[in-house]
Amino acid sequence: MKFKESLFSRRQFLNGLLGGWLGAFLASILYPVLRAIFPPEKEPDQVILVSSDYAGIPANTVKMFAWGSKPGLLKKTEKDELVAFVGVCTHLDCNVIYLPDQKKFFCACHDGWYDENGTNISGPPPRPLRRLSVTVEGDNIIIKKEGAT
Ligand code: FES
């Protein structure tokens, strides 16, 4: 049997190899350039909400706010305390909703469930919802990353 009968010639093989290396080389140069031109949106350190906009939240309900490009969820507990979460699932970043009648957060993407404190209780979410710290100062509700000063 002759070598000539192979599916690819040596020239085709080397051209394919060279094209692959060239593509990888160009991608390694273009990726950092594109990241510099279009940087990923940075998460805020804090957001300040006007408390009068959120004063009427009944207990055991949630009102949304913007946490950078993600939804934030401000929840009034049954003890009238305010708690806040980043409103995206810890599985694959789908948005979550709060179901007051069940006192649970729900992610419809893959049937993920969290209890009312944001603890993952069922489905694929690997971690609790990200909690944010909430302080009320005068007419402002200041929401910060937990651990931020
Ligand atoms: S993204 Fe929420 S369960 Fe998969």
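The following conversation asks how some descriptions of this predicted model follow from their definitions.

Reader: What should I know about the numbering and the model before we start?
Author: Residues are counted from 1 along each chain as its sequence is written. The model is predicted, and local features need pLDDT of at least 70, side-chain atom pairs count only at pLDDT 80 or more, while totals for chains, interfaces and linings use all residues.

Reader: How do you know where domain 1 and domain 2 lie in the protein chain?
Author: Domain bounds come from an automatic or database domain assignment, and for this protein chain the assignment gives domain 1 as 3-37 and domain 2 as 46-145. The centres of the two domains, taken over C-alpha atoms, are separated by 47 Å.

Reader: How do you know that the end-to-end distance of helix α1 agrees with its number of residues?
Author: A helix is a DSSP run of H or I with at least four residues, a strand is a run of E with at least two, and both are numbered from the N terminus. The expected span of a helix is 1.5 Å times one less than its number of residues, so the 28 residues of α1 (residues 10-37) should span 40 Å, and the 41 Å between its end C-alpha atoms agrees with this.

Reader: What makes you call α1 hardly covered?
Author: A residue is buried if 20 or more other C-beta atoms lie within 10 Å of its own, exposed if 12 or fewer, and partly exposed in between, with C-beta atoms placed from the backbone. Among the 28 residues of α1, the count that reaches the buried class is 0.

Reader: Why are β1 and β2 called edge strands?
Author: Two strands pair if DSSP finds at least two bridges between them. The open sheet of 6 strands runs in the order β1-β10-β9-β4-β3-β2, with antiparallel pairing. In this sheet β1 (46-50) and β2 (61-67) each pair on one side only.

Reader: What makes strand β4 and strand β9 a pair?
Author: Strand β4 (residues 82-86) and strand β9 (residues 131-137) have 2 bridges in the antiparallel sense, which meets the requirement of at least two and therefore makes them a pair. Ala84 stands opposite Leu132 in β9.

Reader: Which strands does β7 pair with?
Author: Strand β7 (residues 112-115) pairs in the antiparallel sense with β6 (residues 104-107) over 4 bridges, and likewise in the antiparallel sense with β8 (residues 120-122) over 2 bridges. Asp115 in β7 is the bridge partner of Lys104, whereas Trp113 stands opposite Ser122 in β8.
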